[in-house]
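Welcome! Take a moment to look over the sequence and the model below, and then let us walk through them together.

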Amino acid sequence: MLLSLLRNPLLYIFVISMLPVVELRGAIPAAALLDIPFPVAYGLAVAGNMLPVPLLIPFAKRIILWLSRQRYVGDFFTRFIHKADEKAKQIGRYELLGLCLFVAVPLPGTGAWTGSVIAGILRLRLLPAFLSIGAGVMISGIIMGVISYGAAGLLDLLLI
């Protein structure tokens, strides 16, 4: 499997965009380094980043709580839960807009995975939460594209 990823840069971008922490924020700069055109990288990274979201939203809190009790990763996930709870309180009544803007900020810990946990904590319905997270991922992808490819990469996307 690892060799397949290394041989196929498109598959590599798709897979790393699904990973927590790395997500689209790491996939788009990696694609730029691999000379993958921005529109292709953007599509792969957005699709890969969003693929786990429909599964994460309903089960996020239960999975994270279970992971927080595990021996080697428990401390990390306990901190993750604490951060997600704080972020959920900050969002307040503008849940979906706040969730979108939170996910759109291309910083570590603000991606689709954390957004899914927040949606789970807030008990948001699946479709509105998915669409809100998706909008945030797409905005973040454009920001990362401008950072990684420059304005020319953004023009490539807009001209397609």
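A residue counts as buried here when its relative accessible area is under 20%. By that cut-off, 42% of the 160 residues of the protein chain are buried. Please keep in mind that this is a predicted model.

Let us begin with the overall layout. The protein chain has 10 helices and 0 strands, so its pattern along the sequence reads α-α-α-α-α-α-α-α-α-α. How much of the contact in the chain comes from residues 24 or more positions apart? Among contacts with a separation of 6 or more, such pairs account for 70%.

Now turn to helix 4, which covers residues 38-50. Its 13 residues reach 18 Å from the first C-alpha to the last, close to the 18 Å expected at 1.5 Å a residue. Which residues of helix 4 are buried? They are Phe 38, Pro 39, Ala 41, Tyr 42, Ala 45, Val 46, Gly 48, Asn 49 and Met 50.

Several of these names come back when we bring in helix 3, residues 23-33. The axes of helix 3 and helix 4 come within 9 Å and cross at roughly 155°. Because angles over 145 degrees count as roughly antiparallel, helix 3 is roughly antiparallel to helix 4. The crossing itself is right-handed. On the helix 3 side, the contact is made by Glu 23, Leu 24, Arg 25, Ala 27, Ile 28 and Ala 31, while helix 4 brings Phe 38, Ala 41, Tyr 42, Ala 45, Val 46 and Asn 49. By class, these residues divide into 9 nonpolar, 1 polar and 2 charged.

Is Thr 110 buried or exposed? With a relative accessible area of 9%, Thr 110 is buried. Leaving out residues up to four places away in sequence, Thr 110 touches Arg 25, Phe 102, Val 103 and Val 105. Thr 110 also lies 9.9 Å from Val 137, C-alpha to C-alpha, although the two are 27 residues apart in sequence.

Definitions and conventions: Residues are numbered from 1 along each chain as its sequence is written. This is a predicted model: local features need pLDDT of at least 70, side-chain atom pairs count only at pLDDT 80 or more; totals for chains, interfaces and linings use all residues. Side-chain values use heavy atoms; hydrogens and water are left out. Helices (H or I, at least four residues) and strands (E, at least two) are DSSP runs, numbered from the N terminus. The expected span of a helix is 1.5 Å times one less than its number of residues. Buried means under 20% relative accessible area, exposed over 50%, partly exposed in between (1.4 Å probe, protein chains only). Contact means heavy atoms within 4.5 Å. Axes are lines fitted to C-alpha atoms, for helices over the stretch in contact, and angles run from 0 to 180 degrees between N-to-C directions. Angles under 35 degrees count as roughly parallel, over 145 as roughly antiparallel, 65 to 115 as roughly perpendicular and the rest as oblique. A crossing is left-handed if the near helix is turned anticlockwise from the far one by less than a right angle, and right-handed if clockwise. Ala, Val, Leu, Ile, Met, Phe, Trp, Tyr, Cys and Pro count as nonpolar, Asp, Glu, Lys and Arg as charged, and the others, Gly among them, as polar.
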